[in-house]
Amino acid sequence: MRRRRPRPRARLGRVSTALVLAGGGVAGIAWELGVLRGLADAEPALTDRILAADVVVGTSAGASVAAQITSGVPLDDLYQAQLRPGSAEIEVEIDTDVLLADLAAAMAGAATPEEARRRVGRLALAADTVHPSVRLAAVDARLPVKRWPDRRLLVTAVDADTGERVVLTRDSGATLLDAVAASAAVPGVWPVVTVGDRRLMDGGAWSAANADLAAGAAHVLIIRPVLAATPEPWGNLTEEIETLAPAAVHVIDADPASIEAFGANALSPATRGPAAREGRRVGAAHADHVAALWP
(Lines give C-alpha, C1' and ligand atoms only; values in the text may rest on other atoms or scores of the structure.)
Protein backbone atom coordinates (compact mmCIF):
# COMPACT_ATOMS: atom_id res chain seq x y z
CA MET A 1 0.00 0.00 0.00
CA ARG A 2 1.40 3.39 -0.99
CA ARG A 3 1.98 5.63 2.05
CA ARG A 4 0.54 9.07 1.73
CA ARG A 5 2.28 12.11 3.17
CA PRO A 6 0.08 14.26 5.41
CA ARG A 7 -1.81 16.95 3.54
CA PRO A 8 -0.82 20.52 4.42
CA ARG A 9 -3.02 21.63 7.29
CA ALA A 10 -4.57 25.03 7.82
CA ARG A 11 -2.28 26.43 10.46
CA LEU A 12 -3.66 27.43 13.83
CA GLY A 13 -3.80 31.17 14.23
CA ARG A 14 -2.18 32.95 17.19
CA VAL A 15 -1.30 29.75 19.01
CA SER A 16 1.84 29.34 21.06
CA THR A 17 1.47 25.87 22.61
CA ALA A 18 -0.14 22.57 21.62
CA LEU A 19 -0.45 19.31 23.54
CA VAL A 20 -0.99 16.18 21.42
CA LEU A 21 -2.28 13.03 23.13
CA ALA A 22 -2.15 9.80 21.12
CA GLY A 23 -4.12 6.55 21.22
CA GLY A 24 -3.31 3.48 23.28
CA GLY A 25 -6.37 1.89 24.85
CA VAL A 26 -7.34 1.93 28.51
CA ALA A 27 -3.68 1.44 29.39
CA GLY A 28 -2.85 4.48 27.29
CA ILE A 29 -5.30 6.67 29.19
CA ALA A 30 -3.72 5.71 32.51
CA TRP A 31 -0.17 6.02 31.17
CA GLU A 32 -0.69 9.48 29.66
CA LEU A 33 -2.25 10.76 32.88
CA GLY A 34 0.73 9.22 34.68
CA VAL A 35 3.17 11.01 32.38
CA LEU A 36 1.52 14.36 33.14
CA ARG A 37 1.53 13.53 36.85
CA GLY A 38 5.23 12.66 36.65
CA LEU A 39 6.00 15.96 34.95
CA ALA A 40 4.17 17.66 37.83
CA ASP A 41 6.32 15.77 40.35
CA ALA A 42 9.43 17.32 38.86
CA GLU A 43 8.14 20.68 37.59
CA PRO A 44 4.72 21.65 39.01
CA ALA A 45 4.60 25.10 37.41
CA LEU A 46 5.67 23.66 34.06
CA THR A 47 2.86 21.11 34.16
CA ASP A 48 0.32 23.82 34.94
CA ARG A 49 1.44 25.57 31.76
CA ILE A 50 1.25 22.35 29.75
CA LEU A 51 -2.28 21.68 30.96
CA ALA A 52 -3.19 25.22 29.89
CA ALA A 53 -1.98 24.63 26.29
CA ASP A 54 -3.66 26.80 23.70
CA VAL A 55 -4.81 23.75 21.76
CA VAL A 56 -5.17 20.11 22.80
CA VAL A 57 -5.39 17.35 20.18
CA GLY A 58 -6.82 14.04 21.39
CA THR A 59 -6.99 10.74 19.51
CA SER A 60 -8.65 7.59 20.87
CA ALA A 61 -7.26 7.14 24.41
CA GLY A 62 -5.83 10.62 24.05
CA ALA A 63 -9.32 12.02 23.48
CA SER A 64 -10.39 10.75 26.90
CA VAL A 65 -7.29 12.25 28.51
CA ALA A 66 -7.81 15.53 26.66
CA ALA A 67 -11.42 15.76 27.86
CA GLN A 68 -10.32 15.04 31.43
CA ILE A 69 -7.45 17.51 31.67
CA THR A 70 -9.50 20.34 30.13
CA SER A 71 -12.37 19.72 32.58
CA GLY A 72 -10.94 21.75 35.45
CA VAL A 73 -10.59 18.68 37.68
CA PRO A 74 -7.16 18.63 39.40
CA LEU A 75 -4.61 16.43 37.67
CA ASP A 76 -3.84 14.46 40.82
CA ASP A 77 -7.53 13.54 41.17
CA LEU A 78 -7.54 12.23 37.62
CA TYR A 79 -4.35 10.28 38.23
CA GLN A 80 -5.52 8.80 41.54
CA ALA A 81 -8.71 7.58 39.86
CA GLN A 82 -6.55 5.35 37.66
CA LEU A 83 -5.13 3.63 40.74
CA ARG A 84 -8.49 2.65 42.17
CA PRO A 85 -9.45 -0.99 41.56
CA GLY A 86 -13.06 -0.21 40.65
CA SER A 87 -13.85 1.07 37.16
CA ALA A 88 -16.74 1.45 34.73
CA GLU A 89 -14.48 0.22 31.93
CA ILE A 90 -15.69 -2.85 30.05
CA GLU A 91 -13.47 -5.91 30.20
CA VAL A 92 -12.96 -7.26 26.69
CA GLU A 93 -10.96 -10.36 25.84
CA ILE A 94 -8.62 -9.32 23.07
CA ASP A 95 -4.96 -9.72 22.25
CA THR A 96 -3.70 -6.37 20.97
CA ASP A 97 -1.23 -8.01 18.57
CA VAL A 98 -3.97 -10.27 17.16
CA LEU A 99 -6.29 -7.28 16.73
CA LEU A 100 -3.62 -5.37 14.82
CA ALA A 101 -2.98 -8.42 12.66
CA ASP A 102 -6.69 -8.69 11.83
CA LEU A 103 -6.80 -5.02 10.87
CA ALA A 104 -3.69 -5.45 8.73
CA ALA A 105 -5.33 -8.38 6.96
CA ALA A 106 -8.40 -6.28 6.25
CA MET A 107 -6.19 -3.62 4.64
CA ALA A 108 -4.00 -6.02 2.67
CA GLY A 109 -4.02 -5.26 -1.04
CA ALA A 110 -5.64 -1.83 -0.74
CA ALA A 111 -4.30 0.53 -3.38
CA THR A 112 -4.53 3.69 -1.26
CA PRO A 113 -4.72 4.61 2.43
CA GLU A 114 -8.29 5.82 1.81
CA GLU A 115 -9.33 2.41 0.49
CA ALA A 116 -7.57 0.72 3.41
CA ARG A 117 -9.55 2.82 5.89
CA ARG A 118 -12.81 2.09 4.07
CA ARG A 119 -12.06 -1.62 4.41
CA VAL A 120 -11.43 -1.17 8.12
CA GLY A 121 -14.66 0.81 8.27
CA ARG A 122 -16.59 -2.09 6.80
CA LEU A 123 -15.03 -4.36 9.40
CA ALA A 124 -16.04 -1.90 12.14
CA LEU A 125 -19.62 -1.63 10.87
CA ALA A 126 -20.03 -5.40 10.62
CA ALA A 127 -18.48 -6.24 14.00
CA ASP A 128 -20.50 -7.90 16.74
CA THR A 129 -19.92 -5.57 19.69
CA VAL A 130 -21.59 -4.52 22.91
CA HIS A 131 -24.69 -2.37 22.46
CA PRO A 132 -23.81 1.27 21.74
CA SER A 133 -25.59 2.41 24.92
CA VAL A 134 -23.40 0.12 27.03
CA ARG A 135 -20.24 1.50 25.45
CA LEU A 136 -21.43 5.11 25.80
CA ALA A 137 -22.08 4.53 29.50
CA ALA A 138 -18.49 3.34 29.97
CA VAL A 139 -17.07 6.35 28.14
CA ASP A 140 -19.41 8.71 29.99
CA ALA A 141 -17.90 7.50 33.27
CA ARG A 142 -14.50 8.77 32.07
CA LEU A 143 -15.77 12.33 31.71
CA PRO A 144 -15.83 14.33 34.94
CA VAL A 145 -17.47 17.20 33.02
CA LYS A 146 -19.85 16.46 30.15
CA ARG A 147 -19.61 19.74 28.25
CA TRP A 148 -16.93 20.93 25.86
CA PRO A 149 -14.28 23.18 27.43
CA ASP A 150 -14.00 26.80 26.38
CA ARG A 151 -10.47 26.09 25.15
CA ARG A 152 -9.62 24.68 21.74
CA LEU A 153 -9.99 20.91 21.96
CA LEU A 154 -9.68 18.88 18.75
CA VAL A 155 -10.96 15.29 18.91
CA THR A 156 -10.22 13.07 15.93
CA ALA A 157 -12.31 10.32 14.37
CA VAL A 158 -12.61 8.60 10.99
CA ASP A 159 -15.73 8.28 8.85
CA ALA A 160 -16.23 4.51 8.60
CA ASP A 161 -17.94 4.82 5.21
CA THR A 162 -15.59 7.22 3.41
CA GLY A 163 -12.31 6.76 5.31
CA GLU A 164 -12.02 10.53 5.80
CA ARG A 165 -10.68 12.11 8.96
CA VAL A 166 -13.23 14.05 10.97
CA VAL A 167 -12.13 16.63 13.54
CA LEU A 168 -14.74 17.19 16.22
CA THR A 169 -14.85 20.41 18.23
CA ARG A 170 -17.37 22.23 20.38
CA ASP A 171 -18.66 23.82 17.15
CA SER A 172 -19.06 20.51 15.28
CA GLY A 173 -22.51 19.66 16.62
CA ALA A 174 -21.27 16.57 18.47
CA THR A 175 -21.60 16.22 22.22
CA LEU A 176 -18.33 15.76 24.06
CA LEU A 177 -19.44 12.22 24.99
CA ASP A 178 -20.14 11.25 21.38
CA ALA A 179 -16.87 12.82 20.22
CA VAL A 180 -14.74 10.96 22.76
CA ALA A 181 -16.60 7.68 22.18
CA ALA A 182 -16.22 8.01 18.41
CA SER A 183 -12.52 8.77 18.70
CA ALA A 184 -12.05 5.60 20.77
CA ALA A 185 -14.34 3.31 18.74
CA VAL A 186 -11.67 0.67 18.06
CA PRO A 187 -12.67 -1.13 14.83
CA GLY A 188 -13.82 -4.66 15.49
CA VAL A 189 -14.06 -4.09 19.25
CA TRP A 190 -16.39 -1.16 19.99
CA PRO A 191 -19.44 0.07 18.07
CA VAL A 192 -19.16 2.96 15.66
CA VAL A 193 -20.74 6.22 16.84
CA THR A 194 -23.23 8.13 14.73
CA VAL A 195 -22.77 11.89 14.73
CA GLY A 196 -25.19 13.66 12.43
CA ASP A 197 -25.21 11.67 9.20
CA ARG A 198 -21.75 10.18 9.70
CA ARG A 199 -20.79 6.85 11.25
CA LEU A 200 -17.49 7.38 13.02
CA MET A 201 -14.74 5.06 14.24
CA ASP A 202 -11.43 5.42 16.05
CA GLY A 203 -9.35 8.46 15.10
CA GLY A 204 -6.32 6.19 15.29
CA ALA A 205 -7.46 4.70 11.97
CA TRP A 206 -6.08 7.89 10.43
CA SER A 207 -3.07 8.38 12.69
CA ALA A 208 -2.14 7.37 16.20
CA ALA A 209 -1.38 10.98 17.10
CA ASN A 210 -2.78 13.25 14.35
CA ALA A 211 0.01 15.60 15.33
CA ASP A 212 -0.28 17.59 12.09
CA LEU A 213 -3.38 19.23 13.59
CA ALA A 214 -1.02 21.20 15.85
CA ALA A 215 0.49 23.01 12.85
CA GLY A 216 0.89 26.68 13.64
CA ALA A 217 1.83 26.21 17.29
CA ALA A 218 5.31 27.34 18.27
CA HIS A 219 5.79 24.67 20.96
CA VAL A 220 4.36 21.15 20.69
CA LEU A 221 4.46 18.30 23.21
CA ILE A 222 3.41 14.88 21.90
CA ILE A 223 2.66 12.06 24.36
CA ARG A 224 2.15 8.60 22.90
CA PRO A 225 2.11 5.23 24.66
CA VAL A 226 4.23 3.24 22.18
CA LEU A 227 7.91 2.50 21.76
CA ALA A 228 9.68 5.06 19.60
CA ALA A 229 10.52 2.51 16.90
CA THR A 230 7.05 0.93 16.69
CA PRO A 231 5.79 0.69 13.06
CA GLU A 232 2.65 2.73 12.49
CA PRO A 233 -0.20 1.01 10.62
CA TRP A 234 -1.67 4.43 9.80
CA GLY A 235 -0.01 7.80 9.70
CA ASN A 236 3.64 8.58 10.19
CA LEU A 237 4.73 10.68 13.13
CA THR A 238 7.98 11.75 11.49
CA GLU A 239 6.10 13.16 8.53
CA GLU A 240 3.52 14.78 10.78
CA ILE A 241 6.28 16.50 12.77
CA GLU A 242 7.67 17.85 9.50
CA THR A 243 4.39 19.71 8.99
CA LEU A 244 4.88 21.44 12.36
CA ALA A 245 8.10 23.25 11.34
CA PRO A 246 9.48 25.54 12.63
CA ALA A 247 7.87 24.58 15.94
CA ALA A 248 9.92 23.21 18.84
CA VAL A 249 8.65 19.64 19.30
CA HIS A 250 9.26 17.05 22.01
CA VAL A 251 7.86 13.51 21.96
CA ILE A 252 7.41 11.40 25.09
CA ASP A 253 7.24 7.74 24.07
CA ALA A 254 6.69 4.69 26.22
CA ASP A 255 9.71 2.65 27.30
CA PRO A 256 9.99 -1.15 27.60
CA ALA A 257 8.84 -1.17 31.23
CA SER A 258 5.73 0.75 30.24
CA ILE A 259 4.98 -1.66 27.41
CA GLU A 260 5.32 -4.55 29.85
CA ALA A 261 2.76 -2.87 32.11
CA PHE A 262 0.32 -2.62 29.19
CA GLY A 263 0.45 -6.40 28.72
CA ALA A 264 -1.14 -8.25 25.82
CA ASN A 265 -4.46 -6.42 26.18
CA ALA A 266 -4.14 -2.65 26.42
CA LEU A 267 -7.95 -2.41 26.56
CA SER A 268 -8.17 -4.24 29.88
CA PRO A 269 -9.08 -2.20 32.98
CA ALA A 270 -6.51 -4.27 34.88
CA THR A 271 -3.74 -2.31 33.13
CA ARG A 272 -4.76 1.02 34.65
CA GLY A 273 -2.74 1.01 37.87
CA PRO A 274 0.50 -0.45 36.47
CA ALA A 275 0.35 1.79 33.38
CA ALA A 276 -0.31 4.93 35.42
CA ARG A 277 2.67 4.25 37.71
CA GLU A 278 5.02 3.60 34.79
CA GLY A 279 3.79 6.74 33.06
CA ARG A 280 4.49 8.78 36.16
CA ARG A 281 8.09 7.52 36.19
CA VAL A 282 8.53 8.29 32.48
CA GLY A 283 7.04 11.77 32.84
CA ALA A 284 9.41 12.71 35.65
CA ALA A 285 12.37 11.55 33.55
CA HIS A 286 11.36 13.86 30.68
CA ALA A 287 10.75 16.97 32.78
CA ASP A 288 14.08 18.65 32.00
CA HIS A 289 13.66 18.13 28.25
CA VAL A 290 10.10 19.48 28.28
CA ALA A 291 11.12 22.46 30.42
CA ALA A 292 13.66 23.39 27.76
CA LEU A 293 10.90 23.35 25.13
CA TRP A 294 7.84 24.81 26.82
CA PRO A 295 7.46 28.56 27.30
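**Helix packing and the largest pocket**

Helices α1 (residues 25-42) and α11 (residues 272-293) are oblique to each other, as their axes cross at roughly 40°. The model is predicted, so local features need pLDDT of at least 70 and side-chain atom pairs pLDDT 80 or more, while totals for chains, interfaces and linings use all residues. Residues are numbered from 1 along each chain as its sequence is written, and side-chain values use heavy atoms, without hydrogens or water.

The axes of α1 and α11 come within 5 Å (lines fitted to C-alpha atoms over the stretch in contact, with angles from 0 to 180 degrees between N-to-C directions). Helices are DSSP runs of H or I, at least four residues, numbered from the N terminus. The crossing of α1 and α11 is right-handed (near helix turned clockwise from the far one by less than a right angle). Contacts (heavy atoms within 4.5 Å) involve Trp31, Arg37 and Asp41 among the residues of α1. On α11, Arg272, Glu278 and His286 are among the partners. The contact holds 13 nonpolar, 5 polar and 5 charged residues. Ala, Val, Leu, Ile, Met, Phe, Trp, Tyr, Cys and Pro count as nonpolar, Asp, Glu, Lys and Arg as charged, and the others, Gly among them, as polar.

Helix α1 also packs against α3 (residues 61-69), with axes within 8 Å and a crossing of roughly 40°. That angle makes α1 oblique to α3. The crossing is right-handed. From α1, Gly25, Gly28, Ile29, Glu32, Leu33 and Leu36 take part. From α3 come Ala61, Gly62, Ser64, Val65, Gln68 and Ile69. By class, this contact has 6 nonpolar, 5 polar and 1 charged residues.

Helices α5 (residues 96-107) and α6 (residues 113-126) cross at roughly 120°, their axes within 8 Å. They are therefore oblique. Their crossing is right-handed. Leu103, Ala106 and Met107 of α5 touch Ala116, Arg119, Val120 and Leu123 of α6. This contact has 6 nonpolar, no polar and 1 charged residues.

The largest pocket holds about 960 Å³ of space. A pocket is an open set of 1 Å grid points, found with a 1.4 Å probe, with protein on both sides within 12 Å along at least five of seven lines; lining residues have an atom within 4 Å of a point. The lining has 38 residues, with Gly23, Gly24, Thr96, Leu100 and Val226 nearest the centre. Elements giving two or more residues are α1, α5 and α10 (256-262). The largest share, 5 residues, comes from α5. By class, the lining has 24 nonpolar, 8 polar and 6 charged residues.

Definitions and conventions:
Parallel < 35°, antiparallel > 145°, perpendicular 65-115°, else oblique. Points joined across faces, edges and corners; volume = space filled by probe spheres on them.
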